[in-house]
Amino acid sequence: MTVTIYTQTSCTSSKKALQWLRDNNITYKEKRITSETLTLPEFKRILSMTEDGTDEIISKNSKDFKNLKCDIEQLSIQELYDIVKEHPKMLRSPILLDEKRLQVGYNEMDIRRFIPRKVRAYELYEMQRLSYES
């Protein structure tokens, strides 16, 4: 499975997530949303995988969001996409996703969900074995 990671230039969390993916030999495809326009299908896919909708992916502390004079909850998906396309820095970063999982932001524990299940199970087995031997 390949992880797609949407990053922003000069974002510390994006850099940490990229490094983590490399360190854990996770195959990924990076897309810099500040230089490569997010497509409407990509945006819809991200939005469809959220639990909290726009609250999960839109940074309400961003300067671009604060300068908006509209209620994003009242916008259609197309209207919201058009705004995000013009102001990609409104999106939180990084955004990581594969076929089943979505993670917004970098969290050392949560990002482990992208390690294949077999590997996680083996690591757990090894930790348990070592704890019994101690």
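What share of the contacts in the chain with a separation of 6 or more comes from residues 24 or more positions apart? Such pairs account for 62% of those contacts, where contact means heavy atoms within 4.5 Å. The model is predicted: local features need pLDDT of at least 70, side-chain atom pairs count only at pLDDT 80 or more, and totals for chains, interfaces and linings use all residues. Residues are numbered from 1 along each chain as its sequence is written, and side-chain values use heavy atoms, with hydrogens and water left out.

The chain has six helices and four strands. These are DSSP runs numbered from the N terminus, with helices (H or I) of at least four residues and strands (E) of at least two. Along the sequence their pattern is β-α-β-α-α-α-α-β-β-α. The C-alpha trace spans about 60 × 25 × 25 Å along its principal axes. Of the 134 residues, 37% are buried. Buried denotes under 20% relative accessible area, exposed over 50%, and partly exposed in between (1.4 Å probe, protein chains only).

The largest nonpolar core has 19 residues. A nonpolar core is a set of buried Ala, Val, Leu, Ile, Met, Phe, Trp, Tyr and Cys residues joined through side-chain atoms within 4.5 Å. Leu38, Phe43, Ile46, Ile57, Ile58 and Val84 have the most contacts inside this core. Helix H2 (40-49), helix H5 (77-86) and strand S3 (95-97) each give it two or more residues. H5 supplies the largest share, four residues. Leu38 touches Tyr6, Lys31, Ile33, Phe43, Ile46, Tyr81, Val84 and Leu91, leaving aside residues up to four places away in sequence. A second, separate core holds 11 residues, including Val3, Trp20, Leu96 and Ile115.

H2 and H5 pack at about 110°, with axes 11 Å apart. H2 is therefore roughly perpendicular to H5, a class that covers 65 to 115 degrees; under 35 is roughly parallel, over 145 roughly antiparallel, and the rest oblique. Axes are lines fitted to C-alpha atoms, for helices over the stretch in contact, and angles run from 0 to 180 degrees between N-to-C directions. On the H2 side, Leu40, Phe43, Lys44 and Leu47 take part. They meet Ile77, Gln78, Leu80, Tyr81 and Val84 in H5.

Lys16 lies in helix H1 (residues 12-23). Its relative accessible area is 45%, so Lys16 is partly exposed. Lys16 and Pro94 are 78 residues apart in sequence, yet their C-alpha atoms are 9.3 Å apart in space.
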